[in-house]
Amino acid sequence: MFTDVVSALEFNLLSPPILFFALGVVATLVRSDLKFPEPLYAGLTIYLLAAIGFKGGVALSKAGLGQVWLPALGAVAVSALIPVWSFLVLRVKFARVDAAAIAAHYGSVSAVTFLAAVNFVESRGVPQQGFMAALLALMEAPAIICALCLARSGGPAGEFSWKHQAHEALTGRGVLLLIGGLVVGLLAGERGWKACEGFFGQPFQGVLALFLLEMGLVASRRFGDLRKAGWFLILFAVLAPLLHGVLGVFLGHALGLRGGDLTLFATLCASASYIAAPAAVRVSLPEANPAFYLTAVLAVTFPFNLTFGLPLYHALAGWWQGA
């Protein structure tokens with residue numbers, strides 16, 4: 001297994017998207033004036049999320065709902081449960097609202113980490129069925145709603161509104177594009193994919209590389225906040241994805257996932273949201289400290305998963321299936 005990890009790690013670190021991410025980090029460290037215009041960043045985000053949802057919907061139309069319903073139920077369940085134990089651990093050092101805000105990010109999922117995992121699996125020629133994007137769409141909202149419930153459960157009666165929180169979680173840009181693209185792909189099927197392949201197919205890798213260049217710039221700007229976060233949060237930001245990745249391998253295998261799908265499910269469980277969750281937390285928990293939840297996700301967990309996590313989860317999935 002150790003040899004598999006080293007091989008996968010070397011392969012991952014030398015892939016163009018990861019190298020572009022490293023370039024973004026270096027650009028910030030040397031104080032370059034490299035900067036993405038906000039409209040370009042928003043455009044790249046919209047493209048990637050729509051492409052993920054659309055590809056997942058097309059794959060789902062070929063696989064059929066009968067093959068997906070059990071992994072889907074498991075995905076929703078684990079997405080709702082991760083914030084609970086994360087919240088309990090974080091309450092050791094943080095106030096209720098900050099613990100819940102951080103837990104929301106670790107229960108929800110990162111579309112970009114998932115994209116990197118798909119690229120990693122495909123580049124290594126590992127077979128996958130392609131419907132994991134459907135689970136990505138399903139795992140965004142439950143964790144956010146659950147964590148917001150935990151934050152408000154200690155407040156005055158009537159302060160929490162299920163309707164309001166569900167609306168905020170489900171209508172955010174990330175979730176809406178993923179679910180909407182999924183429905184479009186499901187309805188359009190293979191014929192629709194052939195019509196759009198020239199736009200959502202080959203250009204996808206280049207757009208992902210550019211987006212990760214921007215994420216390298218963003219993540220490295222948070223490095224200075226690590227002192228404020230403290231060692232407890234830094235350790236949590238490393239150990240939590242490892243624990244959740246291991247859980248994802250065991251649970252995914254029990255749900256019938258194999259090959260690249262098992263690696264992707266483990267990655268989803270290990271990832272932490274920095275698009276949907278920050279937007280929801282900013283609106284619903286304005287008193288939560290962004291220096292905690294953004295630093296943990298962007299400065300620690302995201303780079304860790306992108307560079308070291310993916311090869312580890314892939315090697316563990318391969319070892320567990322072999323065992």
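Me: Before we start, what does "buried" mean here?
Reply: Buried means under 20% relative accessible area, exposed means over 50%, and partly exposed lies in between, using a 1.4 Å probe and protein chains only. By that rule, 56% of the 323 residues in the chain are buried.

Me: Thanks! What kind of model is this, and how are residues numbered?
Reply: This is a predicted model, where local features need pLDDT of at least 70 and side-chain atom pairs count only at pLDDT 80 or more, while totals for chains, interfaces and linings use all residues. Residues are numbered from 1 along each chain as its sequence is written, and side-chain values use heavy atoms, with hydrogens and water left out.

Me: How many helices and strands does the chain have?
Reply: There are 14 helices and 0 strands. Both are DSSP runs numbered from the N terminus: helices are H or I with at least four residues, strands are E with at least two.

Me: And what about the overall size?
Reply: The C-alpha trace spans about 50 × 45 × 45 Å along its principal axes.

Me: New topic: where is Leu-135?
Reply: Leu-135 sits in helix H7, residues 132-152. Leu-135 counts as buried because its relative accessibility is 0%.

Me: Which residues is Leu-135 in contact with?
Reply: Leaving aside neighbours within four places in sequence, Leu-135 is in contact with Val-68, Pro-71, Ala-72, Ala-75, Phe-265 and Leu-268. Contact means heavy atoms within 4.5 Å.

Me: OK, and Ser-110, is that one buried or exposed?
Reply: Ser-110 is buried, with a relative accessible area of 1%. Ser-110 is found in the loop between helix H5 (96-107) and helix H6 (111-123). Not counting residues up to four places away in sequence, Ser-110 touches Leu-136, Ser-271, Ala-272, Ser-273 and Tyr-274.

Me: Let's switch to cysteines. How many disulfides are there?
Reply: The structure holds 0 disulfides, a disulfide being a pair of cysteine sulfur atoms within 2.5 Å.

Me: Is Cys-269 buried or exposed?
Reply: Cys-269 counts as buried, at 1% relative accessibility.
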